[in-house]
Amino acid sequence: MNKNYYAVLMAGGVGSRFWPVSTSANPKQFHDMLGTGRTLIQKTFDRLNRFIPTENILILTNERYNDLVLQQLPMVKQDQVVLEPAMRNTAPCILYASLKIQKMNPNGVMIVAPSDHWIEDEAAFENDVIACFDKCQQEEALCTLGIQPTFPNTGFGYIEFEKGSDDNLKKVSQFREKPDYETAKEFLAQGNFLWNAGIFMWSVETIVNAFKQYQPSQYTLFEKGIPAYNTDNETAFIKENYAMAENISIDYAILEQSKSIYTLPATFDWNDLGTWGALYDKLDKDPNDNAVVNAKVLLEDAKGNMIRTPKDKVVVVDGLEDYIIVDKEDVLLIYPKDKQQDIKKVLNQVKDSFGDQFA
């Protein structure tokens, strides 16, 4: 394995649209959402570990998930778990991790990847990432993997790339916010738009230089900690200073300002597993299009349902179509699939009515 390859696995999100399985105490990345026997974070780690040394994979997460990370990834040492003492979006934590890696290895190239996405063709993923790594080792480039859109999705941001190039890696002209439906249809018709999957690659030198140029105050804050990083003094420095960082995403902080962004149209199937419906799309179905995880089912006049329970729970459904049916401990959710985006709202109502212990 190439010792210059590093990964930062983003594992701090809550995934509230997967309630009641995903909760603030135990978010979706720590669950076996697909019924494969491996949790999403375990599958993501395995995928990266195909070509990135175990000790070069950092897990970036919230302090409260430290024990979950170490339980599920026993091959990871405590110093590989990079803990955020405060929620400050993606730019500060990426800068922090990048400075840690640069101190370990100034020649490092790194991938920043979410811990909760579904990617089936892991060999294609590896090839795409290494192609971007090669670009990043040769020049000051910031690379992203873009997903070929299959329909006018309004839930993703888009990457617009310059037309006319035969190169596999395309020069990015701009990042576009989540569009309305008509705009999304226009994007697809133009042919030079990709979904933004939030998967980034760059050399540590390039990303640190980008922060110096575009986010100088953020860089100055974290630069002061360089003597402490990867030592016993790191935790104290971060606890004292992290909350002072500006709350800003890597997209706004760096990517929308840099002129050296490239995107590689991914050669693998991808799903962000952002909702129960997205999970439903990736699961095997019975002849009536019901997707079942863990449950033993008796289904009558039931079509298009997403059913998930604890292992081997018996579920009887009669006369339901296109519903999400999820049973977890003290919560049972029976909810129309076409209203899945409202689950976040429902979660807040449950908190208000019954308390945080159910959320």
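Tutor: Start with the aromatic cluster. Tyr96, Phe222, Tyr229, Phe237 and Tyr242 form one such cluster. Keep in mind that this is a predicted model.

Student: How many aromatic pairs are there by the rule?

Tutor: The count comes to 17 aromatic pairs.

Student: Why is the pair of Phe156 and Trp195 called edge-to-face?

Tutor: Ring centres must lie within 6.5 Å, and planes over 60 degrees apart count as edge-to-face. The centres of Phe156 and Trp195 are 5.0 Å apart and the planes stand at 65°, so the pair is edge-to-face. This pair links distant parts of the chain. Phe156 sits in the loop between β6 and β7, Trp195 in strand β9, 39 residues apart.

Student: What makes the pair of Trp195 and Trp270 tilted?

Tutor: Stacked needs planes under 30 degrees apart, edge-to-face over 60, and the rest are tilted. Here the planes are at 50° and the centres 6.5 Å apart, so the pair is tilted. Trp270 lies in strand β11, 75 residues from Trp195.

Student: How do you know whether Trp195 and Trp270 are buried or exposed?

Tutor: Buried means under 20% relative accessible area. Trp195 has 5%, so Trp195 is buried. Trp270 has 8%, so Trp270 is buried too.

Student: Now the charged pairs. What makes Glu160 and Arg176 a salt bridge?

Tutor: The cut-off is 4 Å between a side-chain nitrogen of Lys or Arg and a carboxyl oxygen of Asp or Glu. The closest N and O atoms of Glu160 and Arg176 are 3.0 Å apart. Glu160 is in strand β7 and Arg176 in strand β8, so the bridge ties together parts 16 residues apart in sequence. At 14%, Glu160 counts as buried, while Arg176, at 29%, is partly exposed.

Student: Why are Lys185 and Glu182 said to be about one helical turn apart?

Tutor: Both lie in helix α5 and are 3 residues apart, which means about one helical turn.

Student: Which side chain meets Asp327 in a salt bridge?

Tutor: Lys313 does, at 2.7 Å, N to O. Asp327 is in strand β16, and Lys313 is in the loop between β14 and β15.

Student: Last, the surface. Why is Val314 called exposed?

Tutor: Exposed means over 50% relative accessible area. Val314 has 59%, so Val314 is exposed. With Leu298 and Val316, Val314 makes a nonpolar surface patch of about 320 Å².

Terms used:
Residues are numbered from 1 along each chain as its sequence is written. This is a predicted model: local features need pLDDT of at least 70, side-chain atom pairs count only at pLDDT 80 or more; totals for chains, interfaces and linings use all residues. Side-chain values use heavy atoms; hydrogens and water are left out. Rings of Phe, Tyr and Trp (its six-membered ring) pair if their centres lie within 6.5 Å; planes under 30 degrees apart count as stacked, over 60 as edge-to-face and the rest as tilted. Helices (H or I, at least four residues) and strands (E, at least two) are DSSP runs, numbered from the N terminus. Buried means under 20% relative accessible area, exposed over 50%, partly exposed in between (1.4 Å probe, protein chains only). Patches are made of residues with over 30% relative accessible area and no salt bridge: like charges are joined within 9 Å, nonpolar side chains (Val, Leu, Ile, Met, Phe, Trp, Tyr) within 5 Å. Accessible areas come from the Shrake-Rupley method with a 1.4 Å probe; for residues, only the protein chains shown count as cover.
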